[in-house]
Amino acid sequence: MVLLESESTIMSILRAVGRDQETQRARYLDRFCQTYTTPLVRFLIVTGKAAQEEAVEIVQDFWLKKILEPKPESNLIAKYLEFVVKNPDASFRRYLARSLSNHCISLYQGPDEQRRRRSIPIEKTAELAVESQHEFEFDVIWANHLLQTVLESVRSECFRKGHETKWMIFVALVLRPNLMDCEAESYRVIAQRLQIGNPKEIGNGWITVKRMFHRHFELAIRDYVPSPTANGNAQASKREVEEVMLYLAKAGKLQIQLPEIDNQEVSLTGRSRFDLNIDPRVSLYSDESDLKNLWGDLADLPLADWLQFDHASALLSVRQLISAPEPSLDFLRLVHRQAKVIGRMKTSEMVLPPKIFGAIYLIAISLAKQHHGVNLSSSAPKRLSRQMAKYAKVTWIDEDARKVLLSGSQMLKTA
């Protein structure tokens with residue numbers, strides 16, 4: 001059979017395992033077993049089908065009896081490939097779980113096996129039959145195995161490329177809160193612990209590793225999702241991503257180990273999970289002191305760094321913009337527009353809180369009114385005046401910014 005270039009990697013592996021090509025057979029089979037042995041062993045232990053010391057032996061016997069000894073055209077893989085033609089939505093991992101459970105039953109029921117296991121009552125075999133909850137249990141075990149593999153791969157890439165700080169930011173914002181069922185560290189704590197002076201570095205670290213995780217995760221899923229065509233593989237991969245992430249998001253279902261996490265403390269919570277759909281701003285800036293530290297760091301950075309634009313005055317910071325004798329009206333328009341656009345972005349990747357952009361948005365309007373007599377906003381002057389007065393009362397902005405907002409509020413109030 002000619003392999004399609006578009007088929008998933010696991011289908012290529014399965015077809016090679018199922019064919020009588022000895023040179024390729026050993027190589028593909030080794031990879032196949034490496035992929036599934038660990039979660040299958042864990043499945044036997046968790047569902048009570050075998051003790052820990054027996055589980056590895058049973059899985060190895062399963063591979064031997066179901067893949068190696070039968071003829072290629074009649075082994076477990078060949079049978080699955082026939083089954084999936086009529087059942088394209090079939091789950092290969094559930095097929096494996098059910099097959100392994102049936103294999104366990106045969107071990108306990110066969111005459112030779114009974115002689116070897118006289119201490120096991122025949123009633124035990126009834127407990128070995130795979131139940132729907134057992135299949136779900138294997139789904140969870142597989143999801144954890146996949147997540148552990150992907151996180152180790154992401155961590156390795158981060159350290160290899162010199163992105164240790166970005167990985168530690170990801171641990172602080174995602175992994176530790178999920179595993180420990182606690183809030184993420186605040187901006188001030190993370191910045192001090194990792195010696196970060198630029199708020200953009202925290203945002204970039206979170207975004208970079210999150211995207212890296214998605215890339216590794218999707219590659220890993222495409223590596224085993226059973227579908228013989230590109231279109232089918234894309235659909236199956238999307239469905240598998242959603243399903244696996246759903247299992248991992250359930251409280252108490254996460255079981256991974258990382259050097260940066262105290263696994264003993266994790267086991268005590270009983271509510272560990274994995275969820276990338278979090279908003280890190282909730283914990284990063286949970287109180288006024290965090291916002292004050294953030295504003296203090298941002299006020300000295302070039303505006304172009306965090307407002308994402310290019311201009312002749314782009315290197316000006318907020319402090320320099322406020323103290324400039326006569327800031328360019330074009331530049332103020334640009335700052336006003338970018339602050340408005342970015343501040344309204346509905347995405348968890350925007351780590352800076354919207355109120356920061358609200359402050360710079362109003363500062364630009366105030367400066368344009370003071371220096372050029374121009375109102376940059378289409379909003380009613382009195383409404384803008386109230387907004388500026390409200391921002392001038394917060395404790396996290398500096399005194400120079402407060403004076404600009406109070407001055408603008410007064411001018412617009414009488415406009």
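Among contacts in the chain between residues at least 6 apart in sequence, what share join residues at least 24 apart? The share is 68%. That value, like the others in this talk, comes from a predicted model.

Let me start with the chain as a whole. There are 415 residues, and 49% of them count as buried. The secondary structure consists of 21 helices, with zero strands.

Helix α19 covers residues 354-372, and helix α20 covers residues 381-392. Their axes are 10 Å apart, and the two pack at an angle of about 125°. At that angle, α19 and α20 are therefore oblique to each other. The crossing of α19 past α20 is left-handed.

Which residues make this contact? On the α19 side they are Lys-355, Gly-358, Ala-359, Leu-362, Ile-365 and Ser-366. On the α20 side they are Leu-384, Gln-387, Met-388 and Tyr-391.

Now the aromatic rings. How many aromatic pairs does a search of the whole structure find? The search gives twelve.

One of the pairs is Phe-170 with Trp-206. This pair is stacked, with 6.3 Å from centre to centre and 20° between the planes. Phe-170 sits in helix α9, residues 164-180, while Trp-206 sits in helix α11, residues 199-222, so the pair ties together parts that are 36 residues apart in sequence. Are these two residues buried or exposed? Phe-170 has a relative accessibility of 0% and so counts as buried. Trp-206 is buried as well, its relative accessible area being 0%.

Another pair brings us back to α19. The ring centres of Trp-306 and Phe-357 are 6.0 Å apart and the planes are at 50°, so this pair is tilted. Trp-306 belongs to helix α16, residues 303-307, and Phe-357 belongs to helix α19, so the pair ties together parts that are 51 residues apart in sequence. Trp-306 is buried, at a relative accessible area of 5%. Phe-357 also counts as buried, at 1% relative accessibility.

Last, the cluster. Tyr-80, Phe-83 and Tyr-95 are linked into a cluster by ring pairs.

Technical notes: Residues are numbered from 1 along each chain as its sequence is written. This is a predicted model: local features need pLDDT of at least 70, side-chain atom pairs count only at pLDDT 80 or more; totals for chains, interfaces and linings use all residues. Side-chain values use heavy atoms; hydrogens and water are left out. Axes are lines fitted to C-alpha atoms, for helices over the stretch in contact, and angles run from 0 to 180 degrees between N-to-C directions. Helices (H or I, at least four residues) and strands (E, at least two) are DSSP runs, numbered from the N terminus. Angles under 35 degrees count as roughly parallel, over 145 as roughly antiparallel, 65 to 115 as roughly perpendicular and the rest as oblique. A crossing is left-handed if the near helix is turned anticlockwise from the far one by less than a right angle, and right-handed if clockwise. Contact means heavy atoms within 4.5 Å. Rings of Phe, Tyr and Trp (its six-membered ring) pair if their centres lie within 6.5 Å; planes under 30 degrees apart count as stacked, over 60 as edge-to-face and the rest as tilted. Buried means under 20% relative accessible area, exposed over 50%, partly exposed in between (1.4 Å probe, protein chains only).
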